[in-house]
Amino acid sequence: VLARLAVRSYRGGKIPRGMGAALEGLVLFIRDEIAEPNIGHGDARKFTPLLCSFFSCILVAALLGLMPFSATSTGNLAVTMGLALVSFAAQQYAGISKYGVAGHFHNLIPPGLPAWLLPIMIPVEILSMFTKPFALMIRLFANMLAGHMVITTLLLLIALMGQISWIGGVAMAPVSIALSLFIMLLEVLVAFIQAYIFTLLSAIFIGMYAHPAH
């Protein structure tokens, strides 16, 4: 929806303003600061739409989760697993599309490696293919879940102190609410940071397979 609204600002050859300028800046940032340095000029444009999708999906999901009576979908392990699997597929596509299946797996082994190390390095490199998306999945899930758990714990302190003494519950209420609001403000910052980190790490991993020599 935001992209559709942004496109309207380009009609008639106009210089984009408002939403159009904001989204253009975001796309250019992802292309020039994330995709180009980590994937390379030849392949960056091909993967920029995917990276933009990662960033916008994670950011919007996190921000929606801060609204009343809502939940953060990226705090669900199944959702982060789905995002990690898409990133994993993109990583493998980056290598296979350039070098073929055989060349892709051959590039996993560093050149000039002694033959006696192959039985050790081959399983390690194959395992690393799966640890990368696993790390993406757990990192995003844990960071999104942690903030909500802290907020819930702070609010539960009101009920806990109220069980001890109603005066304690009343006294704890403003403290817990103030701390919860502070954590929620941090959650807004965390939403941007986690969207950036997931997108950046995906670009780095894609670049590793697209340019194994580097």
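I started with helix H6, residues 166-210, in this predicted model. H6 has 45 residues, and I read 63 Å from its first C-alpha to its last, close to the 66 Å expected at 1.5 Å a residue. I then looked for bends and found a kink of about 35° at Met-172 in H6, shortly before the proline Pro-174.

H5 bends by about 25° at Met-129, with the proline Pro-133 following within four residues.

I turned to how H5 (residues 118-164) sits against H4 (residues 77-106). Their axes come within 8 Å and cross at roughly 155°. Angles over 145 degrees count as roughly antiparallel, and H4 and H5 are therefore roughly antiparallel to each other. The crossing of H4 past H5 is right-handed. I listed the contact residues: H4 contributes, among them, Leu-77, Met-81, Phe-88 and Phe-105, and H5 contributes residues including Met-129, Pro-133, Leu-136 and Phe-141. By class, I noted 14 nonpolar, five polar and one charged residue in this contact of H4 with H5.

Last, I looked at H3 (residues 41-64) against H4. The axes come within 12 Å and cross at roughly 175°, which makes H3 roughly antiparallel to H4. Residues in the contact include Asp-43, Lys-46, Phe-47 and Phe-54 of H3, and Leu-83, Ser-87, Tyr-93 and Lys-98 of H4. I noted 10 nonpolar, two polar and three charged residues in the contact of H3 with H4.

Technical notes
Residues are numbered from 1 along each chain as its sequence is written. This is a predicted model: local features need pLDDT of at least 70, side-chain atom pairs count only at pLDDT 80 or more; totals for chains, interfaces and linings use all residues. Side-chain values use heavy atoms; hydrogens and water are left out. Axes are lines fitted to C-alpha atoms, for helices over the stretch in contact, and angles run from 0 to 180 degrees between N-to-C directions. Helices (H or I, at least four residues) and strands (E, at least two) are DSSP runs, numbered from the N terminus. Angles under 35 degrees count as roughly parallel, over 145 as roughly antiparallel, 65 to 115 as roughly perpendicular and the rest as oblique. A crossing is left-handed if the near helix is turned anticlockwise from the far one by less than a right angle, and right-handed if clockwise. Contact means heavy atoms within 4.5 Å. Ala, Val, Leu, Ile, Met, Phe, Trp, Tyr, Cys and Pro count as nonpolar, Asp, Glu, Lys and Arg as charged, and the others, Gly among them, as polar. The expected span of a helix is 1.5 Å times one less than its number of residues. The bend at a residue is the angle between axes fitted to the seven residues ending there and the seven starting there.
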